[in-house]
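Subject: Structure handover

Hello,

Here is the structure for your files. My notes follow below it.

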Amino acid sequence: MADHLLYFPGSAAARLVDQLAGNYERVPLSGSAGDEPKISGPGVFLVDSTADQLKPAVNLKARHPALEIIVLADPAALPAVPSDQVYAYLDKNVPMPLLAKTLANAFAHIRLLQEQERTKADLARLTTELQELNAIGIKLSAERDTDTLLELILTKAREITGSDAGSLYLVEEDDTGHRRLRFKLAQNDSIQV
């Protein structure tokens with residue numbers, strides 16, 4: 001997945017983009033309606049502090065959560081209170097090493113946010129599975145018929161593992177104390193058993 005560096009051609013930001021080293025997929029935008037870029041990975045929008053550049057950048061960020069905005073401005077024009085839509089405000093005469101480091105940090109920030117979203121999704125999935133296991137435990141403790149209980153155990157085990165089929169074997173002990181494995185039950189969604 002490529003890191004996208006978005007900018008408006010002819011802007012001060014565009015001149016810096018031209019000087020920048022790095023393996024960025026550079027995406028020039030015209031700012032006209034219908035100029036929606038195809039962003040398949042993280043992106044940073046480098047814009048001048050003018051409203052005609054900042055507003056479209058903020059609108060694009062609203063539609064692409066893996067996008068950050070870096071604004072280049074005169075030091076005197078920097079806002080006293082930064083916007084929560086802007087990752088960083090930099091002097092328009094920013095040294096290239098500082099710009100490169102800020103871009104790297106912005107992309108790292110995007111990846112961290114994406115990882116947090118994946119972690120939240122994993123946590124939600126695990127919570128659901130735990131609730132299902134608790135419900136299974138309640139059903140298992142309430143069931144008294146052994147055959148129905150074994151059928152329930154195999155069915156729920158297949159649901160949890162996402163298995164198409166499953167078999168259940170029981171360990172039995174004979175009169176002499178020798179243990180043996182005995183086939184008890186099979187389930188298969190693809191083939192009638």
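In which helix does K156 lie? K156 lies in helix α4; helices (H or I, at least four residues) and strands (E, at least two) are DSSP runs, numbered from the N terminus.

This is a predicted model, in which local features need pLDDT of at least 70 and side-chain atom pairs count only at pLDDT 80 or more, while totals for chains, interfaces and linings use all residues. Residues are numbered from 1 along each chain as its sequence is written, and side-chain values use heavy atoms, with hydrogens and water left out.

Helix α4
K156 has a relative accessible area of 16% and is therefore buried (buried means under 20% relative accessible area, exposed over 50%, partly exposed in between; 1.4 Å probe, protein chains only). L150, L152, L154 and R158 of α4 are also buried. The buried residues of α4 pack against α3 (96-142), β6 (165-173) and β7 (179-188). Leaving aside residues up to four places away in sequence, K156 touches I136 and K139 (contact means heavy atoms within 4.5 Å). Just after α4, G162 has a positive phi of about 70 degrees.

Aromatic pairs
Three aromatic pairs turn up in a search of the whole structure (ring centres of Phe, Tyr and Trp, its six-membered ring, within 6.5 Å; planes under 30 degrees apart are stacked, over 60 edge-to-face, the rest tilted). One of them, F8 with F45, is tilted, at 5.3 Å centre to centre and 40 degrees between the planes. Both F8 and F45 are buried. Y169 and F183 have ring centres 5.5 Å apart and planes at 70 degrees, so this pair is edge-to-face.

Regards
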